[in-house]
Structure formats: structure tokens, C-alpha cells
Amino acid sequence: GSGQAVMYAGLQELGVANGEDLKETLTNCTEPLKAIEQFQTENGVLLPSLQSALPFLDLHGTPRLEFHQSVFDELREKLLERVSAIALEGKVEERYKKLEDLLEKSFSLVKMPSIQPVVMCVMKHLPKVPEKKLKLVMADKDLYKACAVEVKRQIWQDNQALFGDEVSPLLKQYILEKENILFSNDISVLHNFFSLSPKTRRQGEVVQKLTQMIGKNVKLYDMVLQFLRTLFLRTRNVHYCTLRAELLMSLHDLEISEICTVDPCHKFTWCLDACIREKFVDNKRARELQGFLDGVKKGQEQVLGDLSMILCDPFAINTLALSTIRHLQDLVGQDTLPRESPDLLLLLRMLSLGQGAWDMIDSQVFKEPKMEVELITKFLPMLMSFVVDDHTFNVDQKLPSEEKGPIPYPSTIPEAFTKFLQENRIACEIGLYYILHITKQRNKNAFLRLLPALVETFSDLAFSDIFLHLLTGNLTLLGDEFALEEFCTSLFDGFFLTACSRKENVHRHVLRLLLHLHHKVAPAKLESLQKALEPTKQSGEAVKELYNQLTEKLELRKPSPAEVTETPSMELPLPTVPTPASR
């Protein structure tokens, strides 16, 4: 039937007899046995030495098919080796001429499963497969599937839609993987979203697959960058910016100079990558990065769009923000103002460029965003004054208290601070990182003082997944405070619950936190939280699932009347070690 037809597809065109010919011969002959013998002689393996050996194999019950098959397999292996060898020997034009001739002769058999690997191998070694053959391959799903990636690249580079279909599921998978880490049930201050080194991240499946698909093909690389830009514009999802940098650095790791030398961001990204690895921008690298920014020439401003996307990568923002907080603390010690620190100003310049990426690519106006003077003259000095407040309070605590009694911790925040967090994107980003910093230092007083400023922030940044992921991790260090009604009311009622009903992601993060810390929370508070966090009809699957997990845990906790006495918690308290400011 048709299976047979496929097996021998294309033989007739080459003048090789097939099953149909044998059928015809037998239908029209008088002596079938003689006809079969003649057909075998005409179409068998033409080696004189074999003529006597075949009857011998017949005696041993070895079917002719099996014999022919093994000869064929052996020949095919030899042929594949030969094709690969031809691709490497002699003058370039000559070897490709040989391969093209071979392709011409063999292509009509490409549908024969037994010959297909040879045809595919020939195409794989041709830097330019003839257009007509590529079109035939493209039109046939199975052939396209069977193609080597080297051939697919030649097809893709002139078929953006087809390439897009191949890349799209990978990009979806990438975003999903990032979100899974941000919402992971493991909450820890040691292992968070930013813990993986850049080198480890680039080993991820999606980056590796894309790198493999691109090979050394600049056109395909450009297409992927175009996809990433378009998706970033459409969704504002910053993980596309991470992938943009990871892809370039993955090609850098493989030393693919064909691409790295034509991407104008290469050296900048390479330098920034080293900073991300150290989670700090040191002075030497700061100079280098500044050199790249100052070196953008007239007429080449478009590169700023690419650089801004590289700087918008959350891993870059994280590094720049951590470095900014560290610099501010150093300035307090040196009694220097922010505007007198060129290193700090450069960090702010890069933060602005990164945070302005979406607007720049959207408007296609390629110039560095203007830095608001007040950010430097008012907002940063205000943050420094908070650092000073902590020092003063700590020193006061240690002084022998006179009649005046202990000095309370400052509880109010300057109105200007709240306003900056609402109206200025860079101020908001740095403010949020300062809050993460004090939480990590277990500074409960400072945390409660600044928390009210987070309810309304620039484009709701305080309710973004990356911030909440980091905050929940750092809050595990303040675990013991959750037993206090006042702390819980400030944190839950004053912050989290203000957004839970309108923001599904916040609902998820609160549930994650409680799954982790429920045993620390005062029982009465826990009960009211359980009511407040109950999913509604509109809630997504993830929220319902988390809520069920929490309910199960709390059911297990309810003491039976016999053991009302509190069982000691199995978690060992964390030793209170001052954490280094670098994180």
C-alpha cells in the first residue's frame, strides 16, 4: 500500500526499479520464477564474488532482505562519514560543489526513511542550501522536523513568522520560570530570586536552546532581540530585559565573535555582568561603565535604547540599588553630601537609564533621562538622616539614662519622603531598597517607621513581585516580632491587606509569608487574618491552592484539649549577627 510507496519514494526518477516494477513484470510474464531470478540478478548487489556466496546464505536461512539491509546500513554509514569528510577537505568552492552535486542526485530520495539521513547530512554541511530545496523542505512538516538546526537557520532567516513560532513557546516558558521562582513556597533570606550567579542562570534550558538556534547567525540574533523588545513594550515585563542580557552573555561565553563584535552593547554588558556577579559596582568598573555611556557618539544614540534595556534587567537594578545604599552609608561616615560623590551620581545615572527603558523604546527618543536635582539634594540626604537617626538611637540606648528617661525612636516620617516615593521612580526604587536593607538588619523600629510610606508608591512598586519576594524573605529575620499584635497590625492591616483585594499577586505573597511563619503569629491575629485572606469567587487557582495549604497547616496546629500548653517551636532562633551592609 501507501507505506510501500513512501519507503521507495523517488527511486523511479533515478531509474532504479522498485516494487511496482516487479509487480508489473510478474503480471505480464509466463514463467514467474525465471522472471524473479532475472529481477534479482539485474537489481542485486553487483559484485562477482557475491554471486557464489548468496546461495550459501540461502542455505543458512538468512533472508536476502536481511543481507541487503546490512550491506545497505554499512554503506550508509560509510557515506555519512564520507560526506562529513568532504565538508572539511580541499578548496572551499570544490568541496561545496561536490556536496551540491550529491544533493542534486540524492534529493529525490529524501522521503525514503533509509536514505533521508544522508540527504539531511549533505544539507547540514552546505552553508547555502539551494533556495528551491529549502522551499520543498519548508512545505513538508515531517521533512522540516527532520532537518538539522544548521538547515533550519537558513530557512528561519528569511521567514520571521516561522522563526517566531519556534521561539515563542520558549519565551513563554522563560517568563513562567521566573514567576515560579518569585512565588516559590520556599521563603528564605539566603536563597532568593537574586541568589543565582549570572553564569548559572545562562545555563538555563531556554537560554541554551535559543543560543543553539541562533548559532553564529546575526540575522537570527537580531530577530530574537526584536521579539524581546516588542514583548517588553507590549507587556512591560522586565524579565525580557534579563533574557536580552543573558542571551548576549551566553554567546560571549561561547566566544561567538561574529555576533558579539556587532552588538554595540557587548562590552558594557560584559562589564555590568561582572558587577552583577559581585552584587556591587566597584570604582574601577564604575569608570569603565561611565566610559561606555560617555562614549555614545552623535548619530549613534539608538544604542541607548539597547543599553537601557540591559540596565532595566532586575539583576542590574538590584546591583545598582544595593551599591547605592552602600554608598550612602559610606557617605554618612565620611560626612560627605551625595552631590559630591561622582560614584553615587553614576549609579543614579544608570538607574535612571534602566528605569527609563520602556519610555525610551516606546517613544523612540534616544537620550538619557534628565536627573531630578531634588533627588540628589533632598531625597538622598533624607535617607542619610534616617541612617543617622539609627546611629543616634543606638548610642542613646547605651548611655546611662538620666532622669529624663529613655529617648523614644522617631516615629514620624517627613512628608517629603512619602511624596518622593509616590512621584519619583528612582527615589521610590532606592527607598524600597533602603527598607529591604533595614529589614535585613532586623531593625524593627526603622521598618515600622517607614512602612506607612509604602501604601502608595510610584506605579505601585511596593506591591511588585520582586519587592514583595525580597521583603517576605527578609521578614523571616523578624520572625519573633510576629507574636506582637502591634507589629502584625502595622504589617498586615497597615500594608498588605490594603492591596490584597485589588492585587492578586499581593494576596499570594501574604499567603506565602503566613505558610512560612504562621506558627510565630499571635493566635487571635492569625484567626482574623485567615478570615481576611479567604479567597473570593474572582480569586485565581494559585490563591485558592495556597489558602487551602494554609488552612490544612492551621488545622494540624489546633491543640487537642489535653495539650493546651504551648509546645516549644522546633525552629532554632537565628543568632543575632550584624549583617554586612553589602546586601
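Mentor: Start with a definition. Ala, Val, Leu, Ile, Met, Phe, Trp, Tyr, Cys and Pro count as nonpolar, Asp, Glu, Lys and Arg as charged, and the others, Gly among them, as polar. Keep in mind that this is a predicted model.

Now take the second largest pocket. Its lining holds 20 nonpolar, 10 polar and 11 charged residues. The volume of this pocket is about 1100 Å³. Of its 41 lining residues, Val238, Gln355, Arg425, Ser459 and Leu461 are the closest to the centre.

The most come from α25, which gives 6 residues.

Where does the second largest pocket sit? It lies between domain 2 (159–370) and domain 3 (414–551), because both give residues to its lining.

The largest cavity has a volume of about 100 Å³. Its lining is made of Pro198, Arg201, Arg202, Ala245, Glu246, Met249, Thr269, Leu272, Asp273, Ile276, Ile310 and Asp313. Sorted by class, that makes 6 nonpolar, 1 polar and 5 charged residues. The largest share is that of α17, with 4 residues.

The second largest cavity holds about 40 Å³ of space. Around it stand Phe194, Leu196, Ile276, Lys279, Phe315, Asn318 and Thr319. Here the classes are 4 nonpolar, 2 polar and 1 charged. Helix α20 gives the most to this lining, with 3 residues.

Finish with the packed part. The largest nonpolar core has 163 residues. Those that touch the most other members are Phe379, Leu475, Phe482, Leu491, Phe492, Phe495 and Phe496. Look at Phe496. Beyond its neighbours within four places in sequence, Phe496 is in contact with Leu468, Leu471, Leu475, Leu491, Val506, Val510 and Leu513. Two of these partners, Leu475 and Leu491, are themselves among the core residues that touch the most other members.

Methods. Residues numbered from 1 in each chain as written. Predicted model: local features only at pLDDT ≥ 70, side-chain atom pairs only at ≥ 80, totals over all residues. Heavy atoms only, no water. Core = buried A, V, L, I, M, F, W, Y, C linked by side-chain atoms within 4.5 Å. Buried < 20%, exposed > 50% of the residue type's maximum accessible area, 1.4 Å probe, protein only. Contact = heavy atoms within 4.5 Å. 1 Å grid on protein atoms, 1.4 Å probe; cavity = no way out; pocket = protein on both sides within 12 Å on 5 of 7 lines; lining within 4 Å. Points joined across faces, edges and corners; volume = space filled by probe spheres on them. Helix = DSSP H or I, 4+ residues; strand = E, 2+ residues; numbered from the N terminus. Domains from an automatic or database assignment.
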